[in-house]
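Please examine the sequence and the structure before reading each solution.

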Amino acid sequence: MLDLDKIVVIGVSHENLSLLEREDFMRTRPKYIIEKLYKEKEINAYINLSTCLRTEFYIELNSNISIDEIQKLFSVRMLVKTGIEAIEYLFKVSCGFYSVIKGEDQILAQVKSSHSEALENEHSSKFLNIIFNKAIELGKKFRTKSMIAHNALSLEAISLKFIKNKFPNIEDKNIFILGIGELAQDILTLLSKEQLKNIYITNRTYHKAEQIKKQFEMVNIVDYKEKYKEMFEADVIISATSA
């Protein structure tokens with residue numbers, strides 16, 4: 001019989017921490033901490049859902065450590081839910097209830113991806129598999145029946161629409177993007193269709209920025225140490241970091 005009380009979720013998101021606070025949280029290497037607990041058999045399994053707006057760990061506990069003890073390993077205030085509340089929370093995340101754009105499809109794809117990554121690296125469990133498969137199934141069914149995402153724009157499309165409303169002559173503007181994650185790449189895909197030339201990107205890891213330039217030749221790479229200088233010269237700044 002499944003013991004629902006063994007399932008917990010801890011993490012941070014745009015709803016409970018600011019961008020700077022989330023960046024501080026990421027500097028504590030949360031995935032390393034949770035992975036260490038798993039390797040030392042302090043927890044049975046975990047799945048990490050990480051997006052530009054949230055970093056969450058869905059964990060199956062055992063008797064070796066409590067959720068309170070796990071919380072003490074982190075120095076920031078975190079979202080914490082246990083048992084049926086944690087499972088319901090995942091279902092709502094998968095349905096897009098907590099997304100900036102309610103019901104958007106991207107979060108469902110990210111839930112699928114996080115589950116696949118856990119399966120591939122063998123740190124999921126039968127219990128978590130059941131819950132995540134149900135969350136994915138529910139996310140699909142909810143969107144189909146509610147039609148919540150019908151004619152809805154993605155976050156990146158809304159961002160571009162907002163920029164174009166503010167700057168009708170966008171082709172003359174300098175656009176600076178911080179980060180090169182999934183959201184940044186989606187935005188670059190849209191910007192590339194506008195045939196813009198004054199697009200600048202920066203990332204802590206320079207060679208990753210170079211990889212993005214191979215995909216989007218129109219971008220200019222800014223050294224991460226020079227980011228503040230570029231910010232002052234930019235007309236539009238888009239923060240798309242993974243924190």
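**Exercise 1.** Determine whether Tyr58 is buried or exposed.

*Solution.* Buried means under 20% relative accessible area, exposed over 50%, and partly exposed in between (1.4 Å probe, protein chains only). Tyr58 has a relative accessibility of 2%. Tyr58 therefore counts as buried. This is a predicted model, in which local features need pLDDT of at least 70 and side-chain atom pairs count only at pLDDT 80 or more, while totals for chains, interfaces and linings use all residues. Residues are numbered from 1 along each chain as its sequence is written, and side-chain values use heavy atoms, with hydrogens and water left out.

**Exercise 2.** Classify the ring pair of Tyr38 and Tyr46, then that of Tyr58 and Phe132.

*Solution.* Rings of Phe, Tyr and Trp (its six-membered ring) pair if their centres lie within 6.5 Å; planes under 30 degrees apart are stacked, over 60 edge-to-face and the rest tilted. By this rule there are six aromatic pairs. For Tyr38 and Tyr46, the centres are 6.0 Å apart and the planes stand at 70°, so the pair is edge-to-face. Tyr38 is partly exposed at 22%, whereas Tyr46 is buried at 1%. For Tyr58 and Phe132, the centres are 5.4 Å apart and the planes stand at 85°, so this pair is also edge-to-face.

**Exercise 3.** State which elements hold Tyr58 and Phe132.

*Solution.* Helices (H or I, at least four residues) and strands (E, at least two) are DSSP runs, numbered from the N terminus. Tyr58 belongs to strand β3 (residues 54-61) and Phe132 to helix α6 (residues 126-146), so their pair ties together parts 74 residues apart in sequence. Phe132 is buried, at 0%.
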